[in-house]
Protein chains: 2
Amino acid sequence: MADPIEFYFDFTSPYGYLASTRIQAIADQYKREIIWHPIVLGFIFKTTGSQPLTQIPLKGDYAIKDMARSARQHSIPFQLPSNFPVGTVAAARAGLWLATVDQMQSVQLIHALYKAYFVDDIDISNSDNVVTVASSVGVKPDEITAALETPEVKGLLKTAVEDAVAKGVFGSPTIVVDGEPFWGHDRLNDVEQWLSTGGW
Amino acid sequence: MADPIEFYFDFTSPYGYLASTRIQAIADQYKREIIWHPIVLGFIFKTTGSQPLTQIPLKGDYAIKDMARSARQHSIPFQLPSNFPVGTVAAARAGLWLATVDQMQSVQLIHALYKAYFVDDIDISNSDNVVTVASSVGVKPDEITAALETPEVKGLLKTAVEDAVAKGVFGSPTIVVDGEPFWGHDRLNDVEQWLSTGGW
């Protein structure tokens, strides 16, 4: 099997959420695995001098309109959460930790956390809510609660962010196919074309 | 005939250039006119706090790679100019002025200026170069040289930028179809889908 698709995302990223609902079908079509990389963009924004999209004059208004429009275009359930954007350290640590325990369950958790935030308006910056969502996919609350505070799990996130920066990731989602990075939900067509043709 | 497509662009914008080479075929297919709106993004960046794309850490490296890749994808001649980005006040004034004199010739000038900058590496921030390019599409050098310094033509650009901001334009290209804004060369597929379906 060819190399996996690398999917970098932040749990508070609407376009990351939208792409997360579509990338599996694309990967399946081209017989690729996906490596899911939860990151916290806030740490990277310190490097790039960026700020949350919806808070930028003019661009923010467009983005809010475009997120909903992009969701409608692909029939993806979506609402901008009441509390947006939020910190995603707990959610990212949860995803990274669970991947070391049960890879398949960690993917279920990723989808569940995104749905909780962008469909059910649950504030996933609250680690109690992260634990509740995790329990809905079969993770024992005691285990994840303990894991989230260990130095090892904190280190996983630090390493994940450093790895992302080393690969040039600055936004969510960033999809890397055979070393080629594509930034944005609106580049999934390009990802498909690259997978089908081998590049241009 | 349905409403025209509004095409907002900056002459120093690589993605504006790429889209400028493709928008006419799309407009023709859906029997739409195009209104070309040269603007100077530098004035708008003061509002949005943005900075030139290629100067942003990480994002700039990606952009430089992606511009060339997007050009290859669509077989569009392209090279990043030696002097990039540049001020486009003279170029934008030239385009706006000529549109008041000869609409068709102004579109020829827009394509010629973009080609001069992104294919022939001519620095179009230099107004002498703008005059030379204009003469290649049949504009008399004396006439354009005089026009560029009139208060009326300076006012055209000021009004164009204010109009763009009022419509929410913050980046280049921005393509507005029936009141619906699409930002980016990578949204031309969406523009086509909107034109063909009437929206979603």
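This is a predicted model: local features need pLDDT of at least 70, side-chain atom pairs count only at pLDDT 80 or more; totals for chains, interfaces and linings use all residues.
The space within the second largest pocket amounts to about 350 Å³. Its lining consists of 22 residues, and those closest to the pocket centre are A:Asp186, A:Asn189, A:Asp190, B:Asp186 and B:Asn189. Both chains contribute helices to this lining: α4 (59-73) and α10 (188-197) of chain A, and likewise α4 (59-73) and α10 (188-197) of chain B, each provide at least two residues. Such space is identified in general terms by rolling a probe the size of a water molecule over the atoms, which shows where empty space is left.

The secondary structure of chain A consists of ten helices and four strands. Read from the N terminus, the elements follow the order β-α-α-β-α-α-α-α-α-α-α-β-β-α. Chain A has a radius of gyration of 16 Å, close to the 16 Å given by the globule rule for 200 residues, and is therefore as compact as a globular protein of that length. Along the principal axes, the C-alpha atoms of chain A occupy a box of roughly 50 × 45 × 35 Å. Of the 200 residues in chain A, 52% are buried.

The four strands of chain A are arranged in an open sheet with the order β2-β1-β3-β4 and mixed pairing. The edge positions are taken by β2 (34-38) and β4 (180-183) of chain A; each has a single partner strand, so one side of each remains without a neighbour in the sheet. From one strand to the next, the twist averages 20°. In general, strands of a sheet pair through backbone hydrogen bonds, in either a parallel or an antiparallel manner. Strand β1 (residues 5-9) of chain A runs parallel to β2(A), and five bridges join the two. Within chain A, the residue A:Tyr8 is positioned opposite A:His37 of β2(A).

Between B:Val139 and B:Leu109 the separation is 30 residues in sequence, while the C-alpha to C-alpha distance in space is 8.9 Å.

Key
Residues are numbered from 1 along each chain as its sequence is written. Chains are lettered from A and ligands numbered from 1 in the order in which they are written. Side-chain values use heavy atoms; hydrogens and water are left out. On a 1 Å grid over the protein atoms alone, a cavity is a set of points where a 1.4 Å probe fits but cannot get out, and a pocket is an open set with protein on both sides within 12 Å along at least five of seven lines; lining residues have an atom within 4 Å of a point. Grid points are joined across faces, edges and corners, and a volume is the space filled by probe spheres set on the points. Two strands pair if DSSP finds at least two bridges between them. Axes are lines fitted to C-alpha atoms, for helices over the stretch in contact, and angles run from 0 to 180 degrees between N-to-C directions. The radius of gyration is taken over C-alpha atoms; the globule rule is 2.2 Å times the number of residues to the power 0.38. Buried means under 20% relative accessible area, exposed over 50%, partly exposed in between (1.4 Å probe, protein chains only).
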